[in-house]
Amino acid sequence: MLVTETADKIKRMEIRGAGRIARAAAQALRDCAEFPLSKNDLGTFRSGMQRAAQVLVATRPTAVSLPNAVHIVLAGLEGATTLDSAREGVIRRAEAFIDSSRHAVEQIARIGARHIADGDTILTHCNSEAALACIIQAHRDGKSIEVFATEVRPRNQGLVTIRTLNDAGIKTNFIVDSAVRSFINDIDLVIVGADAVTVNGAVVNKIGTSQVAHSASEARVNVLVAAETYKFAPRTIIGELIEIEERPPQEVLPDEIARTLPHVTVRNPAFDVTPADYIDLIVTEAGAIPPQMAYVIIREYLGWGIEEFHKAFEINTRHEE
Ligand code: RI2
């Protein structure tokens, strides 16, 4: 698929979910690297790949899985001295990323399922591949579980979730987003995914996640977040904030109604931030960690150690002068 085609599908949410968009971007870069060039030289290839990367990253600003995946794939350009080696580097990196991303979900499923007990009622919000993998694994392990899944206005990702759970044969209750607090006392465990995890262990996920986690905290229900290591946001260690995507108002209110309400402004943020205090455990492919240990993942798995911090910090302070 062409880069522009993939970018368009990500933007329109035809391809969605933090892990899926990361894999789709890696695949698009891989295909782009294979594409014949009009000018066959390394410089043209490098700048073409950089432009492709920018187009992909610009599609959705919140899921850090997207820039992380692009960064991992473009590292294939480093040290390449010929066009062929650069092409090969990108293709190899992209394929390895896609493969490791799939393995990460399988590993998260195994680790996450251990935290689900026989007889548990689980609440999930939105449609997370990683969160659902944990639930389905627990079911496959023979645990008797029941799920509450939210509707997820305005894009109704809950419909995808209940279809998957239904196909897996898991007893599921479908509720509107605002019913979470009414049912929270029936819940033993909340499991959600993540679009980004910051260095202080806050989790950025589908709008409404923080309300779910707040209700859970009030009712003393544990909250587990299923997130691959490439969803951790390295640049948050230098104080960079995660941008919250605001999507078109038409997703919430059709234009023909909005037109009759000139004093009404529709706000449609797609994500919110759940503080670390409301999260008990983040399950990554590297193991389950308390949110306060997010820096370890950023350092060990994304290679952002103290040196990287200093480099970025120097650049930042120079900009401020
Ligand atoms: P996985 C989704 O974003 C949801 O917020 C979901 O919780 C998160 O990505 C993680 O999903 P959207 O694309 O990577 O629906 O676990 O806006 O599938």
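Reader: How far does a backbone N or O atom of Ala 18 lie from an oxygen atom of the ligand?
Author: That distance is 3.1 Å, a polar contact (here, a pair of N or O atoms within 3.5 Å). Keep in mind that this is a predicted model, where local features need pLDDT of at least 70, side-chain atom pairs count only at pLDDT 80 or more, and totals for chains, interfaces and linings use all residues. Residues are numbered from 1 along each chain as its sequence is written, and side-chain values use heavy atoms, with hydrogens and water left out.

Reader: OK. What about Ser 128, how far is its side chain from a ligand oxygen?
Author: An N or O atom in the side chain of Ser 128 is 2.7 Å from an oxygen atom of the ligand. For Glu 129, a polar backbone atom is 2.7 Å from a ligand oxygen.

Reader: And how much of the ligand does the protein bury?
Author: 100% of the 450 Å² that the ligand exposes when taken alone. Those areas come from the Shrake-Rupley method with a 1.4 Å probe.

Reader: Which elements give two or more residues to the shell around it?
Author: Helix H2 (18–34), helix H6 (129–140) and strand E6 (203–206). Helices here are DSSP runs (H or I) of at least four residues, and strands (E) of at least two.

Reader: Why does the ligand lie between the two domains?
Author: Because domain 1 (3–105) and domain 2 (114–320) both give residues to its shell. The domain bounds come from an automatic or database domain assignment.

Reader: Switching topic: which peptide bond is cis?
Author: The one from Arg 153 to Pro 154, with omega near 0 degrees. Pro 154 is in the loop between strand E2 (146–150) and helix H7 (158–167).

Key:
Polar contact = N/O pair within 3.5 Å; in protein donor to acceptor, adjacent residues only side chain to side chain.
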